[in-house]
Amino acid sequence: MNTNKLTVNHERLKQTLQAFAAFGATGNNGVTRLALSEEDKQARAYLRQQCEALGLVVTTDDLGNMYSVIPGKQRDDPPVYLGSHLDTVKKGGRFDGVLGVAGALEVLRTVVEHKLELNVPLGLINFTNEEGARFEPSMMASGILAGKFSKDAMMQSTDQDGVSFGEALAASGFAGSVHHRLTDASAFLELHIEQGPVLEAEKQTIGAVECVVGMVCYEIEICGKSNHAGTTPQRMRHDALTAANACMTAFHEKLAPLDDTLVYTIGRFNVFPNIHTVIPGRAVFTLEARHQDEAVLAAVETVIQEVAGACSLPCQATKRWSRETVWFNNSLVAQVEESAKALGYPCKRMVSGAGHDAQFISSLVPTAMIFVPSRGGISHAEEEWTSWEDCEKGVNVLLETALKRTMHEEAIKQ
């Protein structure tokens with residue numbers, strides 16, 4: 001590694017990640033910290049305390065998003081923001097989301113500790129309810145900021161106990177002013193664990209993320225006829241489940257050759273009446289596909305309609321939802337790549353199959369993401385793990401890139 005480059009405090013970063021992991025810790029080394037829960041409020045309070053210890057002011061907007069900014073000499077310039085989210089899924093991991101927030105905090109600490117004079121302000125963001133594990137949909141607050149979701153509708157979203165997002169936000173103490181919302185920034189960088197196996201398998205340390213891939217989700221409904229399982233001859237059956245099995249086999253045979261990087265999943269399946277003595281009269285399942293190329297996704301949709309049309313029983317394929325590929329700012333992605341190279345870290349350009357706040361924020365400001373490896377590709381599980389060394393390297397790339405955007409490069413050499 002180039003020792004002339006400023007790097008973060010490894011032990012301090014590790015201690016910060018461990019401190020966050022205590023808020024909602026589960027018995028198997030994981031975390032349950034649902035949005036605006038008591039555990040989330042504790043983690044937020046800790047973040048605010050750590051920012052204030054640096055002499056910084058913490059503000060919140062009307063969605064509960066938290067901001068803290070180090071001023072620059074050009075005070076009127078919009079800040080470069082770093083961040084992610086603190087909320088988790090149930091029995092999730094200790095790095096998903098929080099690494100981006102803890103990493104941003106460590107970058108701010110490093111700037112303050114070394115008394116660096118920034119030209120452009122540098123700030124931290126913690127986005128509210130990224131996971132959508134308590135209040136649907138996911139990426140709620142960043143989606144409202146980007147105009148993707150209606151604030152009024154999102155405030156009515158309820159958890160399993162009937163508590164609305166608006167009620168939980170009001171009770172949290174983190175509801176602030178609409179005037180504090182992110183509306184402009186010089187750039188936004190989100191550090192995140194990969195949540196997949198690619199970096200580890202290819203022995204890469206850093207992923208310079210080019211895009212969040214597009215996706216399409218269809219619901220396939222096949223209608224047969226329920227009848228007695230013991231008295232109806234096989235040749236006279238209209239078995240919806242058997243027809244569904246044939247369709248699923250056809251999907252695999254036709255989708256696999258389209259592109260090596262296409263991923264597709266039959267994730268939900270329901271059969272009716274779901275009784276062992278009754279021939280299934282109806283089967284409903286979902287088919288979701290993800291790819292960065294719109295032409296490949298268009299080919300997927302063609303295959304779906306072809307297979308549905310060739311089904312032995314009446315079959316309806318209905319598009320439930322889709323999203324286009326979100327491409328990040330190429331100049332900023334290149335800077336991430338350059339930063340990793342300057343630090344001596346193996347890096348590859350890659351795509352994200354999972355959604356992140358960055359994909360919505362990219363419609364507002366120049367945006368990029370930095371990935372670090374996930375052991376075994378596991379995430380959204382207690383077994384999720386990223387080595388402390390890889391965490392540090394990811395934050396070092398975050399620091400290097402942020403400083404390139406906020407001050408002259410020669411000023412950060414030691």
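Trainee: In which loop is the place of Pro 273?

Mentor: The model is predicted, with local features requiring pLDDT of at least 70, side-chain atom pairs counting only at pLDDT 80 or more, and totals for chains, interfaces and linings using all residues. Residues are numbered from 1 along each chain as its sequence is written, and side-chain values use heavy atoms, leaving out hydrogens and water. Helices (H or I, at least four residues) and strands (E, at least two) are DSSP runs numbered from the N terminus. On that basis, Pro 273 belongs to the loop between strand 9 (269-272) and strand 10 (282-291).

Trainee: What is omega for the cis peptide bond that joins Glu 136 and Pro 137?

Mentor: Pro 137 is located in the loop between strand 4 (122-127) and helix 4 (140-145). A cis peptide bond also runs from Phe 272 to Pro 273, with omega near 5°. For the bond between Glu 136 and Pro 137, omega is about 5°.

Trainee: How many helices and strands does the protein have, and why is it as compact as a globular protein of that length?

Mentor: The fold comprises twelve helices and 14 strands. Its radius of gyration, taken over C-alpha atoms, is to be set against the globule rule, 2.2 Å times the number of residues to the power 0.38. For 414 residues the rule gives 22 Å, and the protein is as compact as a globular protein of that length because its own radius is close to this, at 24 Å.

Trainee: Of the 414 residues of the protein, what percentage count as buried?

Mentor: Buried denotes under 20% relative accessible area, exposed over 50%, and partly exposed the range in between (1.4 Å probe, protein chains only). Of the 414 residues, the buried share is 54%.

Trainee: Among contacts between residues at least 6 apart in sequence, what percentage join residues at least 24 apart?

Mentor: A contact requires heavy atoms within 4.5 Å. Among contacts joining residues at least 6 apart in sequence, the share that links residues at least 24 apart is 79%.

Trainee: In which helix do Arg 44 and Asp 40 both lie?

Mentor: The two side chains form a salt bridge, a side-chain nitrogen of Lys or Arg within 4 Å of a carboxyl oxygen of Asp or Glu; here the closest N and O atoms are 3.3 Å apart. Both residues are buried. They are four residues apart, about one turn, within helix 2 (residues 38-53).

Trainee: Lys 151 forms a salt bridge with which residue?

Mentor: The closest N and O atoms of Lys 151 and its partner, Asp 62, are 2.7 Å apart. This pair links distant parts of the chain, 89 residues apart, with Lys 151 in helix 5 (residues 151-155) and its partner in the loop between strand 1 (58-60) and strand 2 (66-70). Lys 151 is partly exposed, at 31% relative accessible area. At 8% relative accessibility, the residue that counts as buried is Asp 62.

Trainee: The side chain of Glu 219 meets that of which residue in a salt bridge?

Mentor: Glu 219 and Arg 320 are bridged at 2.8 Å, N to O. The pair spans 101 residues, from Glu 219 in strand 7 (residues 214-223) to Arg 320 in strand 11 (residues 315-323). Glu 219 counts as buried, at 17% relative accessibility.

Trainee: Which residues do salt bridges that share partners join into one network?

Mentor: The structure holds 17 salt bridges. Through shared partners, one network joins Arg 12, Glu 106, Arg 109 and Glu 113.

Trainee: Is Leu 36 buried or exposed?

Mentor: Leu 36 is placed in the loop between helix 1 (10-21) and helix 2. Its C-alpha atom is separated by 6.3 Å from that of Ala 168, 132 residues apart along the chain. Beyond its neighbours within four places in sequence, its contacts include Arg 44, Phe 165 and Leu 169. With a relative accessibility of 4%, Leu 36 counts as buried.

Trainee: What is the relative accessible area of Glu 324?

Mentor: Glu 324 lies in the loop between strand 11 and strand 12 (326-327). Leaving aside neighbours within four places in sequence, Glu 324 is in contact with Val 212, Gly 214 and Glu 294. Glu 324 is exposed, its relative accessible area being 60%.

Trainee: What is the positive phi of Lys 203?

Mentor: Lys 203 is found in the loop between helix 7 (198-201) and strand 6 (206-212), where it is exposed with a relative accessible area of 70%. Although Lys 203 is not a glycine, its phi is positive, at about 55°.
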